[in-house]
Amino acid sequence: MDRDSGSSPRSSETFTLDVLVSLLRQENAVDICVIKVPEQIKYAEYFIVVSGVSVRHLRAMALYAIKVYKFLKKGGDPNVKIEGKDADDWMCIDFGNMVVHFMLPETREVYELEKLWTLRSYDEQLKSMPEETIPEDFIYDLEVTK
């Protein structure tokens, strides 16, 4: 029997954003937020923030995502990088073109990563703010020079 060493039943499948979001939904992830990273940032294509209902739930989702990634991984795909292995409220997994933050809801509220990645740059925000002037009598101990 002649077998092609590069073919397997899983060879047509790849670990895509759709696969990742589907498995997160399957694992009952809460508040899945997918952010398309701006093209000028070469680090990743997508940034995903997801919540779990408990520490155990976070770990289970993260480990399942890693397991599926490794199963579908092709020869040139990068190895998974994991941060926060010892943290109870957060875990980050870098799949190469996608980075996923698994967080408890309380931790997610504190760090507000969605805002960090979806708000325009600070300079753009400043340009859009109306210019404000402070009345002279508002500033304490200011000597008025005329």
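Helices (H or I, at least four residues) and strands (E, at least two) are DSSP runs, numbered from the N terminus. With that in hand, take I93, which lies in strand β4.

Before going further, a word on what you're looking at. This is a predicted model, in which local features need pLDDT of at least 70 and side-chain atom pairs count only at pLDDT 80 or more, while totals for chains, interfaces and linings use all residues. Residues are numbered from 1 along each chain as its sequence is written, and side-chain values use heavy atoms, with hydrogens and water left out.

Now for the overall layout. The chain has 5 helices and 5 strands, and from the N terminus on they run α-β-β-α-β-β-β-α-α-α. Of the 146 residues in the chain, 29% are buried; buried means under 20% relative accessible area, exposed means over 50%, and partly exposed is in between (1.4 Å probe, protein chains only). Contact here means heavy atoms within 4.5 Å. Among the contacts in the chain with a separation of 6 or more, 55% come from residues 24 or more positions apart.

Back to I93 in β4. Its relative accessible area is 0%, so I93 is buried. Setting aside neighbours within four places in sequence, I93 is in contact with A62, I66, V80, K81, M98, V99, V100 and F102. Look across to L63 as well: I93 and L63 are 30 residues apart in sequence, and their C-alpha atoms are 9.6 Å apart in space.

Next, hop over to M103, found in strand β5. M103 has a relative accessible area of 2%, so this residue is buried too. Not counting residues up to four places away in sequence, M103 touches V49, V50, S51, G52, L58, D89, W90, R108, Y111 and L113. With a relative accessible area of 6%, T107 counts as buried.

Time for some helix packing. Two packed helices are described by the angle between their axes and the distance between the axes. Here, the axes of helix α1 (residues 17-26) and helix α2 (residues 55-72) come within 10 Å and cross at roughly 145 degrees. The axes are lines fitted to C-alpha atoms, for helices over the stretch in contact, and angles run from 0 to 180 degrees between N-to-C directions. On the α1 side, V19, L20, L23 and Q26 make the contact, and on the α2 side Y64, A65, V68 and L72 do. By class, that contact has 7 nonpolar, 1 polar and no charged residues. For these classes, Ala, Val, Leu, Ile, Met, Phe, Trp, Tyr, Cys and Pro count as nonpolar, Asp, Glu, Lys and Arg as charged, and the others, Gly among them, as polar.

Then there are the aromatic rings. The structure holds 3 aromatic pairs. Rings of Phe, Tyr and Trp (its six-membered ring) pair if their centres lie within 6.5 Å, and planes under 30 degrees apart count as stacked, over 60 as edge-to-face and the rest as tilted. F15 and Y69 have ring centres 5.1 Å apart and planes at 90 degrees, so the pair is edge-to-face. Since F15 lies in the segment before α1 and Y69 in helix α2, the pair ties together parts that are 54 residues apart in sequence. Both F15 and Y69 are buried. F15 also forms a tilted pair with F95, 4.9 Å centre to centre and 45 degrees between the planes. F95 lies in the loop between β4 (90-94) and β5 (98-103), so this pair ties together parts that are 80 residues apart in sequence. F95 is buried, at 1% relative accessibility. Ring pairs link F15, Y69 and F95 into a cluster.

Finally, two spots in loops. N28 lies in the loop between α1 and β1 (30-36), and has a positive phi of about 60 degrees although it is not a glycine. N28 is exposed, with a relative accessible area of 57%. E112, in the loop between α3 (105-111) and α4 (113-118), also has a positive phi, near 45 degrees, in a residue other than glycine. E112 is partly exposed, at a relative accessible area of 35%.
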